[in-house]
Amino acid sequence: MQEESKLEVQDLYRLGSISGFDNKGHPFIGAKNPAYMERFYDDHVYDRWADETYYVVTDYMFACITKSQGELAHMLANQMFGQYYYSFLLFYYYRIILMKLTYDQRRIHKGQNEVEVDTLIVQITEFSAKIYNPEINSRLAGKEISNYFKKSLGIDNLFTQVNKTLNDLYKNQERMTSKRHNSLLQILTLYTVVSGIYGMNLVIQNWEGKIKWDKVLHYTIFEDIALLVALSGIGISSVIAIQAVKSYIKEKKRNKKNYL
């Protein structure tokens with residue numbers, strides 16, 4: 001702007017809301033309450049160098065308005081197209097990833113898809129440990145403007161919500177694992193008790209060498225139960241082993257995948 005220009009609160013509000021002009025060519029202001037525009041100023045305007053230079057940050061725009069001229073104006077332009085530009089893009093990327101993780105958490109039905117739960121845990125952990133950095137500018141002005149980015153884009157609230165989601169997922173995963181182990185323990189206990197009561201030797205001698213299938217038709221009810229327990233036990237053990245191998249392979253593939 002021109003050096004003799006005077007910036008008012010409503011001018012900065014118009015800039016923050018990207019307001020143009022009405023049908024008569026007059027400046028359009030989307031609010032009438034001065035107190036409302038003052039609150040907008042407090043939340044979105046960085047005025048360290050007022051009344052010469054202002055930075056305005058909202059959840060969909062970032063602007064610098066200045067009356068500076070010459071070398072100072074050139075330096076401000078370089079900052080806007082350099083460090084501040086990439087800082088804003090990085091925080092916007094944080095926002096996109098955090099919203100995606102929040103959406104994925106709501107989409108997953110707890111306790112129904114363990115693979116998706118594990119994948120989401122890996123994604124949140126990788127983002128928190130490898131990508132997210134709350135301080136990306138070492139200069140004082142850069143840190144303060146970054147705080148406006150985080151506040152306007154809701155980064156801190158989203159990150160807190162995602163971390164709470166991670167804790168809930170861990171608890172839910174422990175609950176599912178405990179439930180699965182309890183079910184498996186019940187099955188194994190049942191087979192152990194039944195096998196101990198009837199004794200597998202009731203029919204095992206008929207399986208040595210060439211199986212004598214004709215004797216199966218003449219088994220007593222106790223021998224039928226022993227045969228059923230033995231065959232079902234072998235079948236269940238095979239299924240559990242296959243599932244364990246599949247889970248191991250999927251986990252290896254998931255660990256190699258870059259989710260973000």
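## Helices H1 and H2

H1 and H2 are roughly perpendicular to each other, because an angle from 65 to 115 degrees counts as such. In this predicted model, helix H1 covers residues 9–16 and helix H2 covers residues 34–44, and the two pack at an angle of about 65°. Their axes lie 9 Å apart. The crossing of H1 past H2 is left-handed.

On the H1 side, the contact is made by Val 9, Gln 10, Leu 12, Tyr 13 and Gly 16. H2 contributes Tyr 36, Met 37, Glu 38, Phe 40 and Tyr 41.

## Overall make-up

The protein has 9 helices and 3 strands. Along the sequence, the order of elements is α-α-β-β-β-α-α-α-α-α-α-α.

Of the 260 residues of the protein, 33% count as buried. Among contacts with a separation of 6 or more, 63% are between residues 24 or more positions apart.

## Strand pairing

Strand E1 (residues 45–49) pairs with E2 in the antiparallel sense, over 3 bridges. One of the bridges sets Val 45 against Val 56 in E2. The link from E1 to E2 is a hairpin of 3 residues.

E2 also runs antiparallel to strand E3 (residues 62–66), and 5 bridges join these two. Val 57 has Phe 62 as its bridge partner in E3, while Tyr 54 stands opposite Ile 65. A hairpin leads from E2 to E3 through 4 residues.

In E2 both faces are covered. Thr 53, Tyr 55 and Val 57 are buried on one side, and Tyr 54 and Val 56 are buried on the other.

For E3 the count is 4 buried residues of 5, so E3 too is largely enclosed by the rest of the structure.

## Nonpolar cores

The largest nonpolar core holds 32 residues, and those touching the most other members are Tyr 55, Phe 62 and Phe 127. Two or more residues of this core come from each of E2, helix H3 (70–80), helix H4 (83–107), helix H5 (114–131), helix H6 (140–153) and helix H7 (155–198). A second, separate core has 13 residues, including Met 37, Tyr 41, Met 61 and Ile 65. Of these, Met 37 and Tyr 41 also take part in the contact of H2 with H1, and Ile 65 is the E3 residue opposite Tyr 54.

Which residues does Phe 62 contact, leaving aside its neighbours within four places in sequence? Phe 62 is in contact with Tyr 55, Val 56, Val 57, Met 80, Tyr 84, Phe 88, Ile 145 and Phe 149. Among these, Val 57 is also the bridge partner of Phe 62, and Tyr 55 is another of the residues that touch the most other members of the largest core.

Methods:
Residues numbered from 1 in each chain as written. Predicted model: local features only at pLDDT ≥ 70, side-chain atom pairs only at ≥ 80, totals over all residues. Heavy atoms only, no water. Buried < 20%, exposed > 50% of the residue type's maximum accessible area, 1.4 Å probe, protein only. Pairing = 2+ DSSP bridges. Core = buried A, V, L, I, M, F, W, Y, C linked by side-chain atoms within 4.5 Å. Contact = heavy atoms within 4.5 Å. Axes fitted to C-alpha atoms, helices over the stretch in contact; angles between N-to-C directions. Parallel < 35°, antiparallel > 145°, perpendicular 65-115°, else oblique. Left-handed = near helix turned anticlockwise from the far one by under 90°.
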